[in-house]
Amino acid sequence: MKVFLGYYIVFFSLCVLHVSCNTHIDWNKSAGIVLHDVIKQNAAWALEQTPQTITDFRCERSAGGMHDFYSEGDYWWPDPSNPNGPYIRKDGETNPENFIAHRQVMIRFSKIIGSLASAYVATGDDKYVQAAFKHLDAWFVDTTTMMTPNLLYAQAIKGVSQGRGIGIIDTVHLMEVAQGIVCMQNSRYADPETLKAIKKWFSDYIEWLTTHKNGIDEMNAKNNHGTCWVMQVASFAKLTGNEDVLEFCRKRYKEVLLPDQMAENGSFPLELERTKPYGYALFNLDAMATICQILSTEKDNLWTFSTDKGKSIKKGIEFMYPFIKDKPAWTYPQDVMYWNDWPVAQPSLVFGAVAYNNKLYFDLWKQLNHNPTVSEVERNLPIRNPLIWLRN
């Protein structure tokens with residue numbers, strides 16, 4: 001790891017020079033310094049992992065086959081008045097008995113690829129690419145272990161549904177896989193044929209997301225689900241080079257998500273109405289900021305875009321920043337679960353710091369937890385490796 005450490009010593013020297021000279025800070029390099037120990041630790045862990053996919057876990061209640069992703073809705077419980085009947089909903093209250101093994105193994109996959117890609121970006125060492133492609137092959141290429149590119153059976157409900165469009169949010173954890181591939185694809189150890197097969201998998205998944213009823217239902221969702229549809233479709237389209245889909249996502253952000261979901265004070269009313277308003281407000285803000293990070297270009301910068309009524313991602317960050325900095329100042333109800341586990345190093349802060357050259361955002365992000373281990377936080381923090389998003 002001597003090269004690894006030396007790389008960031010140079011970064012640190014450059015950043016100190018920038019600060020002392022009162023010039024524009026290179027936030028990308030500064031983020032690398034902050035994340036140095038986390039990247040090193042996570043990369044060491046990731047190198048030791050062997051591939052696992054959804055085919056290693058099977059639920060008898062799934063209507064799909066062994067290659068089909070399956071999960072069950074978190075907030076659905078047995079009906080006390082009819083224990084063997086259809087489940088009933090308890091918003092914000094997670095049923096620990098529901099099947100989530102496929103989601104968990106996908107989160108593990110995301111963490112592995114994100115960690116290895118971050119280490120590759122930081123060091124240029126191809127060993128991280130070699131390790132990553134073993135996992136990528138298992139998930140997207142090997143016909144004995146690969147996942148089918150659809151989510152027909154996600155967030156099923158016992159006695160109610162075999163799978164719902166709302167379950168598409170589960171694949172937000174493939175975004176850092178896609179972005180990790182973007183960062184590693186020019187390595188000499190990124191096999192061209194494997195890359196071609198992986199990109200075909202993501203192209204097929206985009207096709208399903210944009211044409212199947214479940215995908216269209218999720219796209220039209222009014223809250224964070226609609227946001228996350230755009231976020232992940234944009235991420236996958238970036239990997240596959242699908243400019244038409246990228247432009248569609250930009251248009252949807254500007255014409256639907258921002259004007260319909262944000263209030264004029266920068267809040268998200270539909271998230272604040274939930275039983276976990278703090279966590280959902282953070283989650284939707286992070287998703288909106290990630291959309292801006294993925295889709296902004298020199299000609300179409302979503303970070304500076306504002307609706308006719310003044311709604312913008314900048315206003316959204318400004319609304320949440322005081323409550324991230326001082327959580328007791330939160331003026332809405334506390335979350336019914338996991339209240340004490342937020343905030344962590346929210347990506348909206350570091351992305352906002354870079355976009356607006358804002359040291360306050362960066363300093364707050366720097367102080368927060370960069371390696372959370374609470375499962376609910378991991379589930380709602382699909383951007384765990386910001387370095388791979390800042391460099392590309």
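Which residues does Phe202 touch, not counting residues up to four places away in sequence? Phe202 touches Phe140, Leu174, Val177, Ala178, Ile181, Phe236, Leu239 and Thr240, where contact means heavy atoms within 4.5 Å.

Before going further, a word on what you are looking at. This is a predicted model, in which local features need pLDDT of at least 70 and side-chain atom pairs count only at pLDDT 80 or more, while totals for chains, interfaces and linings use all residues. Residues are numbered from 1 along each chain as its sequence is written, and side-chain values use heavy atoms, with hydrogens and water left out. The mean pLDDT (the predictor's confidence in each residue, from 0 to 100) is 93, and 94% of the residues reach 70 or more. Take care with residues 5-22, where pLDDT stays under 50; the model has 24 contacts beyond four places in sequence for them.

Back to the interior. In soluble globular proteins, nonpolar side chains tend to be buried together. A nonpolar core here is a set of buried Ala, Val, Leu, Ile, Met, Phe, Trp, Tyr and Cys residues joined through side-chain atoms within 4.5 Å; buried means under 20% relative accessible area, exposed over 50% and partly exposed in between, with a 1.4 Å probe and protein chains only. The largest core has 113 residues, and Phe202 is among those with the most contacts inside it, along with Phe140, Ile313 and Met320. Helix α11 (residues 277-295) gives the most to this core, with 12 residues. Helices are DSSP runs of H or I, at least four residues, numbered from the N terminus. A second, separate core has six residues, including Cys59 and Tyr70.

Now look at how α5 (residues 175-184) meets α6 (residues 192-211). The contact is made by Val177, Ala178 and Ile181 of α5 and by Leu195, Ile198 and Phe202 of α6.

Next, find α13 (residues 347-356), which is mostly covered, with eight of its 10 residues buried. Among the buried ones are Leu349, Val350 and Phe351. The cover over the buried residues includes α2 (27-47), α11, α12 (313-325), α14 (359-367) and α16 (386-390). After α13 comes Asn357, whose phi is positive, near 50°.

One last stop is Ile33, which lies in α2. Ile33 counts as partly exposed because its relative accessibility is 26%. Between the C-alpha atoms of Ile33 and Ala154, 121 residues apart along the chain, the separation is 38 Å.

Note on methods: Helices (H or I, at least four residues) and strands (E, at least two) are DSSP runs, numbered from the N terminus.
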